[in-house]
Each structure stands twice: as structure tokens, then as C-alpha cells.
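I opened my notebook to record what I looked up in this structure. The entries follow in the order I made them.

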Amino acid sequence: MTSALVWERRRGSVARFWRQYRTHRAGVAGLAGLALLALIALTAPLLVGSDVQSVTDAPGTALESPSSAFPLGTDQFGRSLLGLLVWGARISLTVGLLAAALSVAIGTLVGIFAGHYGGWFSTVVMRITDWFLVMPTLVLAIVLATVMSRSVWTVILAIGVTSWPTTARLVRAQTIAVESRPYIERAKALGGGHGHVMARHVLPNVMPLVLAQTTLGISSAILTEATLAFLGLGDPTVVSWGGMLQDAREAGAVSSGHWWYLAPPGIAVALVALAFTLCGRAVESVLNPKLGVGR
């Protein structure tokens, strides 16, 4: 009976969240765009085939301009840029989601522990967090991606372990606010230990903040991945939007005026980052109406 009541409350909370979320037109537009992009990424093997990355079996000639056969033109190897763009969505979205999840997970754990234990422990942890915070995230990610092997997992790790400080500070502040409430004192008086208080009382109350921070962090992670790939620090064996920009630069697309090589991946990165930002702002507005985010 208790379990059924809990699930009923959760379903009610989700329904209330969706009713409020869909009043934000920008957030709904961003969510619709992301849903379409996710569908394209998932069905990429069916839409363009896995051989779209092949250099030896490229169907066109080098750097063809857009035509009926190749709507977005071809790259320096004669591969269809439309096919590469569709296939690259898989890597760019995967890196963005996993890197943001890793970053938020680290920041949430650090913030909750620092806010809960306080004292010298919180001071030390926050000073370490401040050091990461003042260091440029991109520079740290470049250093890690340079010294480690070039792979997708290296990029995910480099982004995740360098972009958590903001989440940590926000979660710590929220943890301190939650633990000042009377029911936390009652839980401790009834014998609740540190783990019980953090897992059963603090974590559920900071999850809305974590959710909003995750949606905002994905767009930053995608932009960082594109930057690392553009600098030649990505995995050369996979196709991503940043890698396409790097290939275009190496092929001299800028100086030779082959705009169709540069524009599609750049626009794709910008649109996905915008969509996640719109979703994140809408989530923030729903979870914290005091922010006054426009609709």
C-alpha cells in the first residue's frame, strides 16, 4: 500500500511538472528539436548506412558543391556531408550526455558531502573546487585529452572531470539550506546516520537542481567536444560534428570558399546547444518559479 502511494505521488509530480513545462513555448520547441535529433541519431544506420564513413567507397568526388545527389555537398574524400552530419549526431549527443552526467554526478557528490559534514572538511573541499573553478575548463580538458589516448571515452572523461565545480557549489548551498530544516533534526534525533540523511532527505531535495544543471551542462559539453575535435584532440576513427569542422579546416575549406563543408556541422552544434539551453531554462523556471525565466 505504501509503495503504491509513493508511486502515485511520483506520477502526480511528473504530471504537474509536464503541465507547467508545456506552458513554456521555447522549452517545448527545444524539446521537440531534441526529440527529432535523437530519432535521427538512433536511426542513422537505417537512414544513411554504416558505410557512410568509408573513404575507399566514397560515392562522389572531392569537395562537390551541393546538388540533388549530395544535398550538402561532399568532403575532401567524396563522402556525402549529409550522411556524415547524420552519423556524427550519434557521437556528439553521446559525448554530450555522458560527459554532462559524469560532471553533474561528481559535482553532486562533492556538494552534498561538503554541505553535510561542514567544518574543515567543507573548507578543504571548497578550496579545491575554487581552484578548478578559476582554471579555464577548456584548458584543463585540452591538457587531459593531450596526455591520454585519443578516444571518445577520453573526451568524455576530460570534459566530465573538469566541469563539475559549478554544480558542486550550487548543490552545497542547497544542501546547507535543506539541512537547516526541522525534519532533518528529527531524523537525526531518531537515529538517522549520515548516509540516511544524505540519501533519504538531502539528495531528493537537491535533485531538481541537479536535473536543471544537467540539461544546461549538456550543451556546454557538446560545445567542448566540438572544440576538442576541432583542435585535433578527438577520436580520429569516429565521425563527429567537431571532427567534421577539423577536416574542413585541414582541407582548406575556409580559404577556398567551400562554405558547404563548414556551415552544416557548425550550424548543427549551435542548434543543439540552443535546444538544450532552452530546455534547461524551462526546467529551471518550472522547478524554481522565482527565477522568472521568460516563456
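**Entry 1: Thr154**

I looked up what Thr154 touches. Its contacts (heavy atoms within 4.5 Å) are Leu144, Ala145, Met148 and Ser149, leaving out residues up to four places away in sequence. Thr154 sits in helix α7, residues 152-160. Helices here are DSSP runs of H or I with at least four residues, strands are runs of E with at least two, and both are numbered from the N terminus. Is Thr154 buried or exposed? I found it buried, with a relative accessible area of 5%. Buried means under 20% relative accessible area, exposed means over 50%, and partly exposed lies in between, using a 1.4 Å probe and protein chains only.

**Entry 2: what I am looking at**

The model is predicted, so I noted the limits: local features need pLDDT of at least 70, side-chain atom pairs count only at pLDDT 80 or more, and totals for chains, interfaces and linings use all residues. Residues are numbered from 1 along each chain as its sequence is written, and side-chain values use heavy atoms, without hydrogens and water.

I counted elements next. The protein has 13 helices and zero strands. Its C-alpha trace spans about 75 × 45 × 35 Å along the principal axes. Of the 295 residues, 41% are buried. I also checked contacts between residues at least 6 apart in sequence: 71% of them join residues at least 24 apart.

**Entry 3: helix α5**

Helix α5 covers residues 119-134, which is 16 residues. It reaches 23 Å from first C-alpha to last, close to the 22 Å expected. The expected span is 1.5 Å times one less than the number of residues. Which residues of α5 are buried? They are Ser122, Val125, Met126 and Thr129. Seen down the axis of α5, they fall within an arc of 100°, so they line one face of the helix. The arc is taken from the directions from the helix axis to the C-beta atoms. I noted the general rule: an α-helix has 3.6 residues a turn, so residues three or four places apart point the same way. The face turned away from the buried side carries the exposed Trp120 and Val134. The cover over the buried residues of α5 includes α4 (81-117) and α8 (165-179).

**Entry 4: helix α8**

I went on to α8. Its 15 residues reach 21 Å, close to the 21 Å expected. Its buried residues include Pro165, Ala168, Val171 and Glu179. Seen down the axis of α8, the buried residues fall within an arc of 140°, so they line one face of the helix. They pack against α4, α5, α9 (182-189) and α10.

**Entry 5: His201**

His201 is in helix α10. It counts as buried, at 19% relative accessibility. Leaving aside neighbours within four places in sequence, His201 contacts Val178, Tyr183, Ile184, Ala187 and His196. Val178 is also one of the buried residues of α8.

**Entry 6: the largest pocket**

How many residues line the largest pocket? I found 17, with Arg10, Ser13, Pro204, Met207 and Pro208 nearest its centre. A pocket is an open set of points on a 1 Å grid over the protein atoms alone where a 1.4 Å probe fits, with protein on both sides within 12 Å along at least five of seven lines; lining residues have an atom within 4 Å of a point. Helices α1 (2-21), α10 (194-230) and α13 (259-287) each supply at least two lining residues. α1 gives the most, with eight.
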